[in-house]
Amino acid sequence: MAMISAKITLAFIFIFAVSQSSQHPAAPPYYKEYCIADVQANNETLPCALDWACKHGADCSAIKPGQACFEPNTTLHHASYAFNSYYQKYKLNFGVSCYFNTTAVLTASDPTMAHAYFISPLEKPIQTRDTSIFVAKFGANLRMF
């Protein structure tokens, strides 16, 4: 009789554990990645890539004079901020890469400085990858950057 009672108790514990885990499924693994300007980038190509990113969707308002991320006032720093802004905005739904005409690289290290906060990656799984919208909107620029 004790053996049957123990088996029933174990069965209830197992059913309870399974029901609890199905209510709260494990979150998919996430890792942070930031798109920043490559320190070895060509000094002629980098300003063009920065300009392109700002004109095509990056939020560059924080790197304007007098704003929180203007300093240090270098093309490398401003490009890093703009590239990351663009990359985080479009990577999930449009599948963009961190390329910017060979001037950018991916890093797992958070490039945030004391006064300039870099956007961290969106922490939700990819739902769609409708690249047709991106290609229609940005056309040939997609190939260059």
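Starting at the N terminus, the elements follow the order α-β-α-α-β-α-α, which makes five helices and two strands; here helices (H or I, at least four residues) and strands (E, at least two) are DSSP runs, numbered from the N terminus. Keep in mind that this is a predicted model, where local features need pLDDT of at least 70, side-chain atom pairs count only at pLDDT 80 or more, and totals for chains, interfaces and linings use all residues. Residues are numbered from 1 along each chain as its sequence is written, and side-chain values use heavy atoms, with hydrogens and water left out.

Of the 145 residues in the chain, 33% are buried, meaning under 20% relative accessible area with a 1.4 Å probe and protein chains only (exposed is over 50%, partly exposed in between). Among contacts (heavy atoms within 4.5 Å) with a separation of 6 or more, 77% link residues 24 or more positions apart.

Now for the inside. Take Ile63: beyond its neighbours within four places in sequence, Ile63 is in contact with Leu50, Cys54, Cys69, Phe70, His78, Tyr81 and Ala82.

How do helix 2 and helix 3 pack? Their axes lie 9 Å apart at an angle of about 35 degrees, with axes being lines fitted to C-alpha atoms over the stretch in contact and angles running from 0 to 180 degrees between N-to-C directions. On the helix 2 side, the residues that meet helix 3 include Leu46, Leu50 and Ala53, while those of helix 3 include Ala79, Ala82 and Phe83.

Strand 1 is where you find Ala37, which counts as buried because its relative accessibility is 5%. Setting aside residues up to four places away in sequence, Ala37 touches Leu46, Leu76, Ala79, Ser80, Phe83, Thr103 and Ala104. Ala37 and Val105 are 68 residues apart in sequence, yet 6.2 Å apart in space, C-alpha to C-alpha.

Finally, look at Glu33, in the loop between helix 1 (2–23) and strand 1. Glu33 counts as buried because its relative accessibility is 15%.
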